[in-house]
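Let's take a walk through this one together. Have the sequence and the 3D view open side by side, and follow along as we go.

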Amino acid sequence: MPLSGLDIFKLLPKTNCRECGVPTCMAFAMKLAQKKAELSECPYASEEAKAALGAASKPPIRLVKIGVGARSLEVGNETVMFRHEKTFFHQTGIALELKTSEGKEKLLSKIKEIESYAVERVGEKLEAEAFFVSDDSGDKEAFLNAIQMVKEHSSKAVILNSTDGDRLKAALEFLKSDRPAIFLHGEITDGDLDLAKTYGAVLILSGSSFDNLKDQVERAEKAGIEDLILNLEAPNLGRQLENNTILRRSALKKNVASFGYPLFAYIKAESELDLLAKASMDICKYSSVIVLPGYDSAMLYTLFTLRQNIYTDPQKPIQVEPKLYAIGDPKPESPVFLTTNFSLTYFLVSGEIENSGTSAHLVVCDCEGQSVLTAWAAGKFVGETIAKFIKEIGLEEKVKTRKLIIPGFVSQISGDLEEKLPGWEVLVGCQEASDIPAFVKSVSLT
Ligand code: SF4
């Protein structure tokens with residue numbers, strides 16, 4: 001029977017010292033009850049508390065960190081099967097493969113290209129998080145060179161892929177304080193366990209069946225190693241989907257602790273489209289780390305966008321601060337546009353105003369991050385609330401123009417808005433942000 005927040009609170013020190021990162025012991029107890037924190041985050045937890053909380057304080061899927069510092073890759077800690085039940089917490093890490101057989105020059109330019117490839121979408125920076133370094137040439141020097149280049153030119157996490165213990169040891173020695181992961185091909189060995197212990201590395205276990213994977217996890221746990229990621233081999237995409245679903249369900253719903261670890265997938269594909277389809281499935285259905293053997297920027301952008309959508313909290317749309325924004329260098333006479341504070345809407349509208357070459361004021365109303373039509377349907381983007389917001393931000397003191405351009409999708413609020421904002425003329429703008437440049441040219445805005 002899981003412990004309630006109150007049961008857990010009774011076992012905590014109750015000093016509210018905040019060292020666990022939350023303001024009170026009660027708040028920490030609630031996080032523990034929801035499996036969003038680990039008891040080890042409270043440095044003052046008594047032995048009695050540790051024993052009593054035991055499994056109750058353990059998240060059903062362990063949080064595993066590859067790498068160190070701000071750009072480390074954190075995966076796991078998920079608590080639901082479907083994002084709409086709550087949210088997914090740690091997005092799938094995307095790792096790009098570097099093969100030593102590609103040669104030094106090509107690898108260096110690839111590392112630099114991947115390192116610098118990042119896109120900004122709705123205010124978030126999207127990029128790949130890790131390199132998967134494959135020792136496919138079997139050349140120790142080439143393997144170490146590749147790792148050295150990654151270390152010199154990137155701060156992304158590193159996953160080592162070699163079947164040779166000696167080469168792995170040399171690589172781990174080189175990456176001593178970088179907390180890499182090791183991808184194991186076959187059955188886990190004592191040598192692997194020693195390496196993981198000595199160098200604090202994460203182990204990616206590869207199992208040929210559920211039982212085989214479980215045995216390997218138990219062996220690692222017995223040796224005191226819990227930073228594990230699971231790779232259950234599958235002959236095709238359908239089976240992998242089934243495996244991932246069973247593993248996630250076993251961890252969350254059946255309390256199978258051995259499967260309570262993030263999942264891994266190395267994606268083998270016959271074409272770019274095949275790769276994209278498989279990677280998309282893995283992002284949607286439970287892989288926490290995926291390795292792409294090849295890439296191009298269009299594919300990465302597609303996967304980044306999908307991943308961002310899946311891992312955004314469905315109950316908290318990404319939003320921007322509600323306020324008056326200056327687009328370009330607006331003067332008091334410049335036009336005034338109106339929209340909601342849904343991040344995607346804001347970035348589309350502000351981007352298209354910029355594209356139009358016009359400087360303008362953009363009033364972004366507080367609609368709890370909803371898009372224009374959703375906010376209107378919910379009664380949050382109507383004459384009364386907009387007029388109230390415009391008064392609050394002091395728009396009338398900041399601009400001389402008295403024309404307000406509203407989104408074309410809510411033309412029905414124009415009369416009401418003019419009533420609530422005496423002295424203002426409301427212009428109904430275009431429906432799609434992409435039509436703003438043409439709209440700006442077609443009407444007198446000031
Ligand atoms: Fe309470 Fe421990 Fe958190 Fe301090 S660190 S507030 S004692 S739970």
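Start with Tyr-286, which you'll find in the loop between H10 and strand E12 (287-292). Its phi is near 85°, a positive value in a residue other than glycine. That's worth a second look, because most residues other than glycine have a negative phi. Is Tyr-286 buried or exposed? Tyr-286 counts as buried because its relative accessible area is 3%, and the cut-off for buried is under 20%. Keep in mind as you look around that this is a predicted model.

Now hop over to Asn-255, in the loop between H9 and E11. Asn-255 isn't a glycine either, and it has a positive phi of about 55°.

In total, 20 residues line the pocket, and the ones nearest its centre are Asn-231, Ala-234, Tyr-266, Ile-267 and Lys-268. Sorted by class, the lining has 10 nonpolar, six polar and four charged residues.

Next, zoom out to the whole protein. The domain assignment gives domain 1 (5-53), domain 2 (64-310) and domain 3 (324-442). How many Å separate the centres of domain 2 and domain 3? Taken over C-alpha atoms, the separation is 44 Å.

Last stop: the ligand. Where does it sit? You'll find the ligand in the largest cavity. The residues around it are Pro-13, Thr-15, Asn-16, Cys-17, Arg-18, Glu-19, Cys-20, Cys-25, Phe-28, Cys-42 and Pro-43. If you sort this shell by class, you get seven nonpolar, two polar and two charged residues.

Note on methods:
Residues numbered from 1 in each chain as written. Predicted model: local features only at pLDDT ≥ 70, side-chain atom pairs only at ≥ 80, totals over all residues. Heavy atoms only, no water. Near = heavy atom within 4 Å. 1 Å grid on protein atoms, 1.4 Å probe; cavity = no way out; pocket = protein on both sides within 12 Å on 5 of 7 lines; lining within 4 Å. Sits in = over half its atoms within 2 Å of the grid points. Nonpolar A, V, L, I, M, F, W, Y, C, P; charged D, E, K, R; others polar. Domains from an automatic or database assignment. Helix = DSSP H or I, 4+ residues; strand = E, 2+ residues; numbered from the N terminus. Buried < 20%, exposed > 50% of the residue type's maximum accessible area, 1.4 Å probe, protein only.
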